[in-house]
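Walk through this model with the viewer open.

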Amino acid sequence: KPDYQEVWANKSMLSLFLKKYHAGWTNYDWRLKAKDSKFKKAIESLELWDGSDCNHLLIFSEQGVGDIIFYTSILENVKNRARNITVSLDARLLPILSRSFPGIAFVDKGAPLDIGLYDAQVAFASLPVILNMTPDMDGRKVPYLLANDKFTKSLPNNFGATKRLKCGVAWKSINEKVGKDKSLALSDLNEIFQVDGYEFINLQYGDTQQEIGDLEKNLVPN
C-alpha cells in the first residue's frame, strides 16, 4: 500500500530522530495527510504549497510557540516566492511578529479563514524542504525579532541598574501529553543560578510563585 499515510508520517519522524534531515523533511508533509495525526491543515480543502510562484500564500502553525518563533526566521526567504503572505498562529505572538515583519499579515489561528483569499497553504515546519534549505538552515535571517522600544523605555530602571548579563529562564511545559518530558524542577537549576555575573529573569508562563518561593527558602550554595 504505497500511499499508506500513517507509515509515511512515521517514517519521516524516524528519519528526523536519526538526524537524516533531508529524508525526514522530504516526507514530513505526510503528517498532514494521516487520518489520526495530531497535525491538521488550516483549511482542509486548500491545496498544499509546492514552492512554486504564488500570489497569496497562507502559512499556518500546527506546533508550539517555540517552533513558530524558530521557523519565522525563514519568512524572508518565502517572500521571494509569494507576493502576499498571511500567517495564522498563536495570538500571543501577533505583536512581536507584526512588528518584526511589517510586510506580512499575521492573524490569530482561532479566527475563521476564508478559502477564497488564498491560492495555497503550507505549515511552518514544511518550509525548510520546500525552500531546499540545509539542515542548519543556512540563509535564514538572523537576528529577526524586533523589540518594542516604547515599552522597553517604559520599564523601571532596575533592569539596567547593574552591569550583569540578563538571562531569561523558563523551565517547564504545561502540555498535557509531552510536558512532563520537556520540563525541569526549578531547583534543578540551582547551580546555574549561582554563576557570577548574571541576573536571572523569570520568563515562565503560569503561576510560579510557589515554586520560586520554595527555591528561595531551600537554596543551597555550592
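A charge sits over a ring if NZ of Lys or CZ of Arg is within 6 Å of the ring centre and within 35 degrees of the ring normal. R92 lies over the face of Y205, at 5.9 Å from the ring centre.

Some ground rules come next. This is a predicted model, in which local features need pLDDT of at least 70 and side-chain atom pairs count only at pLDDT 80 or more, while totals for chains, interfaces and linings use all residues. Residues are numbered from 1 along each chain as its sequence is written, and side-chain values use heavy atoms, with hydrogens and water left out.

Now the sheet. Helices (H or I, at least four residues) and strands (E, at least two) are DSSP runs, numbered from the N terminus. Two strands pair if DSSP finds at least two bridges between them. Here 4 strands form an open sheet in the order 3-2-1-4, with parallel pairing. Strand 3 (105-108) and strand 4 stand at the edges; each has a single partner strand, so one side of each is left without a neighbour in the sheet. On average, neighbouring strands are turned by 25° against each other, direction ignored. The axes behind that angle are lines fitted to C-alpha atoms, for helices over the stretch in contact, and angles run from 0 to 180 degrees between N-to-C directions.

Look at strand 1. Its pairing with strand 2 (residues 82-89) is parallel and runs over 6 bridges. C54 has A82 as its bridge partner in strand 2. With strand 4 (residues 120-123), strand 1 pairs in the parallel sense over 4 bridges. There, L57 stands opposite A120, and L58 has Q121 as its bridge partner. How many residues of strand 1 are buried? The count is 6 of the 7 (residues 54-60), so strand 1 is largely enclosed by the rest of the structure. Buried means under 20% relative accessible area, exposed over 50%, and partly exposed in between (1.4 Å probe, protein chains only).

Next, the core. A nonpolar core is a set of buried Ala, Val, Leu, Ile, Met, Phe, Trp, Tyr and Cys residues joined through side-chain atoms within 4.5 Å. The largest has 34 residues, and W49, L57, I59, V87, F124 and L127 touch the most other members. Strand 1, helix 3 (65-71), helix 4 (75-78), strand 2, strand 4 and helix 6 (127-130) each give two or more residues to this core. A second, separate core of 6 residues includes V169, W171, L186 and L189. Back to V87. Leaving aside neighbours within four places in sequence, V87 is in contact (heavy atoms within 4.5 Å) with I59, L75, I104, A105, F106, V107 and F124.

Last, the aromatic pairs. Rings of Phe, Tyr and Trp (its six-membered ring) pair if their centres lie within 6.5 Å; planes under 30 degrees apart count as stacked, over 60 as edge-to-face and the rest as tilted. The whole structure holds 6 aromatic pairs. Y21 and W25 make a tilted one, 6.3 Å centre to centre with 40° between the planes. Both lie in helix 2 (residues 21-26), 4 residues apart, about one turn of the helix. Y21 is partly exposed at 32% relative accessibility, whereas W25 is buried at 11%. The rings of F101 and F106 have centres 6.3 Å apart and planes at 50°, so this pair is tilted. F101 is buried at 2% relative accessible area, and F106 is buried at 11%. Ring pairs also link F193, Y198 and F200 into a cluster.
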